[in-house]
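Please look over the model shown here before reading on.

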Amino acid sequence: MSLAAHLDELVEKHRVLEQTLETERQRPYADDLQIAALKKRKLHLKDEINRLRGDEAGLSLH
């Protein structure tokens, strides 16, 4: 899998998590533990995306 394809996949997963979070937040009795777990996964994905984008930028400089 190319770096670009991997990044696209991670960005899509991040988008889906954002939608899931929003849905959970709007529930009358939102599950705070579920929300915290989703936020943690989303942050992990964001960090991975940023790390890979940094690697991608570094590769283009060589």
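What follows is a description of a predicted model, moving from the chain as a whole to single residues.

**The chain as a whole**

The secondary structure of this predicted chain comes to 2 helices and 0 strands. Of its 62 residues, 18% count as buried, and the chain exposes about 4,800 Å², of which carbon and sulfur atoms supply 56%. When contacts between residues at least 6 apart in sequence are considered, 63% of them join residues at least 24 apart. Helix H1 has 24 residues and reaches 35 Å from its first C-alpha to its last, which is close to the 34 Å expected at 1.5 Å a residue.

**The nonpolar core**

The largest nonpolar core has 9 residues in all, namely Leu7, Leu10, Leu17, Leu21, Ile35, Leu38, Leu45, Ile49 and Leu52. Two elements, helix H1 (3–26) and helix H2 (32–61), each give two or more residues to this core, and the largest share, 5 residues, comes from H2. Within H1, the buried residues are Leu7, Leu10, Leu17, Leu21 and Glu24. An α-helix has 3.6 residues a turn, so residues three or four places apart point the same way.

Ala36, which lies in helix H2, is 15 residues from Leu21 in sequence and 9.3 Å from Leu21 in space, C-alpha to C-alpha. Ala36 counts as partly exposed because its relative accessibility is 45%.

Leaving aside neighbours within four places in sequence, Glu24 is in contact with Ala30, Asp31, Gln34 and Ile35, and Ile35 is one of the residues of the largest nonpolar core.

**Salt bridges**

Side chains of opposite charge can pair when their charged atoms come close. The structure holds 7 salt bridges, and the table gives some of them.

| Side chains | Distance, N to O |
|---|---|
| Lys13 and Glu9 | 3.5 Å |
| Glu18 and Arg25 | 3.9 Å |

Lys13 and Glu9 both lie in helix H1, where they are 4 residues apart, about one turn of the helix. Lys13 is partly exposed, with a relative accessible area of 43%, and Glu9 likewise counts as partly exposed, at 33% relative accessibility. For the pair formed by Glu18 and Arg25, Glu18 counts as partly exposed at 27% relative accessibility, and Arg25 counts as partly exposed at 37%. Glu18 and Arg25 also belong to a network of salt bridges that links Glu18, Glu22, Arg25 and Lys42.

Key
Residues numbered from 1 in each chain as written. Predicted model: local features only at pLDDT ≥ 70, side-chain atom pairs only at ≥ 80, totals over all residues. Heavy atoms only, no water. Core = buried A, V, L, I, M, F, W, Y, C linked by side-chain atoms within 4.5 Å. Buried < 20%, exposed > 50% of the residue type's maximum accessible area, 1.4 Å probe, protein only. Contact = heavy atoms within 4.5 Å. Areas by Shrake-Rupley, 256 points an atom, 1.4 Å probe, with all protein chains shown as cover. Expected span 1.5 Å × (residues − 1). Salt bridge = Lys/Arg side-chain N within 4 Å of Asp/Glu carboxyl O.
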